[in-house]
Amino acid sequence: MLRNRKRLLILSAAAIVVITMSGAGIWIYMDRASWEQASDADRRGENTKEAKTDSPSKTEYTEEEKALVESQTGVTVTDDGVMHVDLGSIMAEEESVNIKREEAYSLALESLGEGAEIESASIREYEETKYWVVRATKGEESWQIWLNADNGEEFINQKDG
């Protein structure tokens, strides 16, 4: 029992890190795509009247961080620390499960009750089963709910923090 609790705690912490890094990865992906579409004059700043200020991106990862980030479908980190997100792979994975994103949202909101709001959702695999990991808030509290992506059964429902 203690071993399973430890495993769930570690898995929960890892999910939080992955969700946080996913957001950063998508931002990096979108920023790079707009950079590649920009003209040379745009890249040199000749077409703008104001200087752009970009926040620095994380480019150095420990081996553990890199492995955790790359454990997500469609996410890779290059040797120079650039994170790439393949949205097509993510969408294909979401299409491969019986419970779709909107249904996972509904199930999580139903579980938490009135006043709950969805923050994010992603598919994770644990012990060869795919789960929707839904992060939600209710009042000042944050919750993490894991739903079996094939049948909608609730696997974990825990308050974060």
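Modeller: Let's start with a rule: two strands count as paired when DSSP finds at least two bridges between them. Keep in mind that we're looking at a predicted model.

Biologist: What about β3 and β4, how many bridges join them?

Modeller: There are 10, and β3 and β4 also run antiparallel. Here R124 stands opposite Y131 in β4. Then go on to β5 and β6: five bridges join this antiparallel pair, with W146 standing opposite I156 in β6. The β5 and β6 hairpin has five residues between the strands, and G152 takes a positive phi near 80° there.

Biologist: Which residue takes a positive phi in the hairpin of β3 and β4?

Modeller: E127 does, near 50°, in a hairpin with two residues between the strands. Notice that E127 isn't a glycine. E128 is found in the loop between β3 and β4 too, and its phi is near 65°, again positive in a residue other than glycine.

Biologist: Is E128 buried or exposed?

Modeller: Anything over 50% relative accessible area is called exposed, so E128 at 76% counts as exposed. E127 is exposed as well, with 53%.

Biologist: And how do I think about side chains along a strand?

Modeller: In a regular strand, side chains alternate between the two faces of the sheet. For β4 in this model, seven of its 10 residues are buried, so the strand is mostly covered.

Biologist: Which residues touch the most other members in the largest nonpolar core?

Modeller: That core has 15 residues, and the ones touching the most other members are V97, A104, L112, W132, V134, I145 and L147. At least two residues come from each of α5 (101-112), β3, β4 and β5 (141-148). There's also a second, separate core of six residues, which includes Y61, V69, V77 and M83.

Biologist: Now rings. How many aromatic pairs are there?

Modeller: The count comes to five. One of them is Y131 with W146, a tilted pair at 5.8 Å centre to centre with 55° between the planes. Since Y131 lies in strand β4 and W146 in strand β5, the pair ties together parts that are 15 residues apart in sequence. Both Y131 and W146 are buried.

Biologist: And how far apart are the ring centres of Y131 and F155?

Modeller: They're 4.6 Å apart, and the planes sit at 25°, so this pair is stacked. F155 lies in strand β6 (residues 154-159) and Y131 in strand β4, so here the linked parts are 24 residues apart in sequence. Y131 is buried at 8% relative accessible area, while F155, at 36%, counts as partly exposed.

Biologist: Let's do charges. How many salt bridges does the structure hold?

Modeller: First the idea: side chains of opposite charge can pair when their charged atoms come close. This structure holds five salt bridges. One of them joins K66 and D79, whose closest N and O atoms are 3.7 Å apart. K66 is in helix α3 (residues 63-70) and D79 in the loop between β1 (75-77) and β2 (83-85), so the pair ties together parts 13 residues apart in sequence. D79 is exposed, at 79%.

Biologist: Which side chain does E93 meet in a salt bridge?

Modeller: K130, at 3.7 Å from N to O. E93 lies in helix α4 (residues 87-95) and K130 in strand β4, so this one ties together parts 37 residues apart in sequence. E93 is buried at 14%, and K130 counts as partly exposed at 25%. Another salt bridge links R101 and E94, with 2.3 Å between the closest N and O atoms.

Biologist: Where is R124, and which side chain of opposite charge is nearest to it?

Modeller: R124 sits in strand β3. The nearest side chain of opposite charge is E93, 6.2 Å away. The cut-off for a salt bridge is 4 Å, and R124, although buried, has none. What R124 does have is a polar contact of 3.2 Å with the side chain of S122.

Definitions and conventions. Residues numbered from 1 in each chain as written. Predicted model: local features only at pLDDT ≥ 70, side-chain atom pairs only at ≥ 80, totals over all residues. Heavy atoms only, no water. Buried < 20%, exposed > 50% of the residue type's maximum accessible area, 1.4 Å probe, protein only. Helix = DSSP H or I, 4+ residues; strand = E, 2+ residues; numbered from the N terminus. Core = buried A, V, L, I, M, F, W, Y, C linked by side-chain atoms within 4.5 Å. Lys, Arg positive; Asp, Glu negative; His and termini not counted. Polar contact = N/O pair within 3.5 Å; in protein donor to acceptor, adjacent residues only side chain to side chain. Phe/Tyr/Trp six-rings, centres within 6.5 Å; stacked < 30°, edge-to-face > 60°.
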